[in-house]
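Hello,

Here is the structure I promised to pass on to you. Have a look at it first, and then read my notes below.

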Amino acid sequence: MNNSFQEAAKLLKLKPETIFELETPQRLIEVNFPIEMDSGEKRIFNGYRVQHNNFRGPYKGGIRFHHEVDKEEVKLLAFLMSMKTSLLNLPFGGSKGGVAVDPKSLSEKELEKLSKGYVSAIASDIGPYLDVPAPDVNTNPKIMDWMVEEYKKISEKEESLAAFTGKSLGKGGSYGRDEATGFGGFVVLREALGVLGMGKPLKVAIQGFGNVGAHIADLLYQEGYEVIALSDSRGGIYSEGEGFAVDLVKECKEEKGTLAGCYFVGSVTDAQEKIPEGGSISNEELLGLNVDILVPAALGGVITKDNVSKIKAKIILEMANGPVTPEADEILEKNGVVVIPDILANAGGVTASYFEWYQNINKEKWGKEEVLNKLTEKMALAFRKVWKTKEEFSTSLRTASYVAALEGLLEKNL
Ligand code: NAD
């Protein structure tokens with residue numbers, strides 16, 4: 001298990017058997033289920049649901065469709081979910097699910113069958129008060145809607161809608177869920193800058209321009225931060241000026257399907273108005289830019305012992321899960337870089353998922369402002385708890401986050 005968890009357990013003087021109980025998943029479910037492909041051929045898919053811990057309430061965690069999904073990855077992600085829900089003081093435990101598949105290789109019909117087939121295989125192990133899945137990498141509101149449809153058919157429960165979160169707005173989803181992860185990260189960053197006494201102008205580089213990266217980039221731009229570099233899987237762009245007008249970059253990416261070449265200011269549809277503002281940059285170069293804040297918002301394991309010496313940022317906001325390897329983390333700590341850890345920085349998504357579940361159970365519908373206000377409150381509170389713990393134990397923000405999360409888990413297991 002990760003070093004910070006071990007360090008936190010040591011600081012709390014936990015017994016070896018308690019540590020074992022907290023780091024080990026309670027249940028591992030592996031399923032193999034058949035799908036009839038468009039060709040008429042039957043294919044068997046392999047999937048998992050790992051239920052890590054339910055001391056605080058029903059298990060909660062996303063479903064990932066990716067060709068690299070395996071049991072070890074799902075176990076680690078389920079563990080992280082237990083830490084996040086505890087840190088945010090949500091009445092949930094932690095779980096994760098996944099199917100080993102490249103969804104891009106499937107037709108829409110096959111994707112629907114796969115989504116429903118997976119739910120059918122795990123239906124008896126999930127439910128509004130048992131385990132509540134949500135979207136993760138390569139799954140989205142449309143897929144959640146299909147899953148609810150299948151679950152309703154099987155369970156015939158009145159509260160089936162609350163068995164999944166991250167649904168589309170017209171089908172029981174919540175306002176604010178879409179932008180919640182980026183928004184939550186923004187709130188945490190603002191709190192951190194406050195205690196660190198850092199004011200604008202501040203330069204930011206963001207790796208990943210999907211749901212999380214694009215939302216946080218837009219918020220930072222609107223709030224006057226200088227977003228000087230952005231990237232997606234095909235590479236990045238940098239600005240030579242005071243940062244990109246992120247709304248225009250978004251428009252450009254939607255038009256072209258990629259960020260490549262989107263380094264112009266002015267109208268993206270009218271070529272006459274385009275003024276070159278920057279150039280292209282690789283994902284690796286983006287990490288080493290001279291910025292105040294670096295936001296990895298794409299994949300895990302991107303900052304390693306091999307490239308950590310290039311990092312010039314003063315703050316790293318971990319919006320992706322596990323973007324910094326433990327070896328690199330130690331070096332960053334020695335170099336005085338403030339790393340705001342994933343289990344705090346990206347917990348806005350699961351927090352908004354809790355709001356969605358709550359609205360479904362209680363047949364309520366909150367407005368977007370209400371959701372974002374509640375989210376701001378919860379994220380800011382979690383940051384302050386972590387900061388206080390960091391001061392109390394003289395440790396890093398990551399270890400402090402684990403201390404606070406473990407305390408939350410133990411409190412519910414008395
Ligand atoms: P997404 O699929 O919407 O976007 C991912 C982005 O990363 C895309 O822009 C993609 O082009 C880019 N990318 C992929 N491979 C890359 C590479 N090799 N180099 C640079 N960029 C690359 O996913 P998302 O929902 O935005 O999730 C991003 C990260 O945030 C993931 O690590 C995810 O686990 C984490 N996260 C997401 C949520 C959520 O609510 N969406 C919540 C918590 C954590």
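How many positive and negative side chains does the chain have, and how far apart do the centres of the two sets lie? There are 49 positive and 60 negative side chains, with the two centres 3 Å apart. Lys and Arg count as positive, Asp and Glu as negative, while His and the chain ends are not counted; each charge is placed at NZ of Lys, CZ of Arg, CG of Asp or CD of Glu.

Before you go further, a word on the source: this is a predicted model, in which local features need pLDDT of at least 70 and side-chain atom pairs count only at pLDDT 80 or more, while totals for chains, interfaces and linings use all residues. Residues are numbered from 1 along each chain as its sequence is written, and side-chain values use heavy atoms, with hydrogens and water left out.

**Overall build**

The chain has 14 helices and 14 strands (DSSP runs numbered from the N terminus: H or I of at least four residues for helices, E of at least two for strands). Its radius of gyration is 21 Å, close to the 22 Å that the globule rule gives for 414 residues, so the chain is as compact as a globular protein of that length. That radius is taken over C-alpha atoms, and the rule is 2.2 Å times the number of residues to the power 0.38. Along the principal axes, the C-alpha atoms fill a box of roughly 55 × 55 × 40 Å.

Of the 414 residues, 57% count as buried (under 20% relative accessible area; exposed is over 50%, partly exposed in between, with a 1.4 Å probe and protein chains only). Among contacts (heavy atoms within 4.5 Å) with a separation of 6 or more, 66% are between residues 24 or more positions apart.

**Some places to look at**

Strand β5 (residues 131-135) has 5 of its 5 residues buried, so it is largely enclosed by the rest of the structure. Strand β3 (residues 59-66) runs parallel to β5 and is joined to it by 5 bridges; two strands pair if DSSP finds at least two bridges between them. In this pairing, I63 stands opposite P135.

I293, in strand β12 (residues 293-296), is buried, with a relative accessible area of 0%. Leaving aside residues up to four places away in sequence, I293 touches several others, including L189, V204, Y225 and I315.

E377 lies in helix α13 (residues 368-393) and is exposed, at 61% relative accessible area. The C-alpha atoms of E377 and V187 are 9.0 Å apart, although 190 residues separate the two in sequence.

Best wishes
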